[in-house]
Amino acid sequence: MKMLVTLLPILFLTQAFAADPPTPAPTPVPKTAVHRYLVERTFPPGALKGLDAATKSKVNANNASVGVRWVQSYANADKTKTFCVYVGPNEAAIRKAAELNKLPVDSVTEVPVTLSPR
């Protein structure tokens with residue numbers, strides 16, 4: 001009995017030390033902030049003719065390569081001026097996407113605030 005009483009604590013300690021150390025919680029992946037931008041562009045007359053699905057697909061692929069997404073564009077009546085809404089990590093990425101797509105950039109303005117008539 002003495003031997004059992006002597007060995008019992010050793011058995012418990014052996015199990016405690018034999019257990020795998022606790023696995024640390026995974027480090028959360030930092031989220032890249034997404035910002036919204038308004039890009040103003042000026043085109044020569046007729047430059048926007050022929051803007052088809054294949055061209056848009058290529059533009060979207062180039063944009064995605066730098067973390068940018070084209071949301072929507074507006075054009076004046078003669079399609080020489082566009083105002084395009086994009087989301088992306090920063091202004092540099094917006095400008096890089098324009099460069100990849102060989103698009104002019106008159107100005108890039110971050111527009112983080114949404115105003116609504118309601």
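**View 1. E1 and E4 side by side in a predicted model.** Strands E1 and E4 run antiparallel and are joined by 4 bridges; strands here are DSSP runs of at least two residues (E), helices runs of at least four (H or I), both numbered from the N terminus. Across this pairing, Tyr37 stands opposite Glu110 in E4. This is a predicted model, where local features need pLDDT of at least 70 and side-chain atom pairs count only at pLDDT 80 or more, while totals for chains, interfaces and linings use all residues. Residues are numbered from 1 along each chain as its sequence is written, and side-chain values use heavy atoms, with hydrogens and water left out.

**View 2. The open sheet of 4 strands.** The strand order is E2-E3-E1-E4, with antiparallel pairing (two strands pair if DSSP finds at least two bridges between them). E2 and E4 (107-110) are the edge strands, each pairing on one side only. From one strand to the next, the twist averages 20 degrees. Helix H3 (residues 91-100) packs on the sheet and touches E1, E3 and E4, with its direction at about 40 degrees to that of E1. Contact means heavy atoms within 4.5 Å; axes are lines fitted to C-alpha atoms, for helices over the stretch in contact, and angles run from 0 to 180 degrees between N-to-C directions.

**View 3. The E2/E3 hairpin.** Here 6 bridges join E2 (residues 69-75) to E3 (residues 81-88), again antiparallel. Tyr74 has Phe83 as its bridge partner in E3. There are 5 residues between the strands, and Lys79 takes a positive phi near 55 degrees.

**View 4. Arg41, buried without a salt bridge.** Arg41 sits in strand E1 (residues 35-42). Arg41 is buried, and the nearest side chain of opposite charge, Asp106, is 8.1 Å away. Buried means under 20% relative accessible area, exposed over 50%, partly exposed in between (1.4 Å probe, protein chains only).

View 5. Lys81 and Glu40 meet in a salt bridge (3.0 Å, N to O), meaning a side-chain nitrogen of Lys or Arg within 4 Å of a carboxyl oxygen of Asp or Glu. Lys81 lies in E3 and Glu40 in E1, so the pair ties together parts 41 residues apart in sequence. Lys81 also bridges to Asp106 (3.1 Å, N to O).

Notes. Lys, Arg positive; Asp, Glu negative; His and termini not counted.
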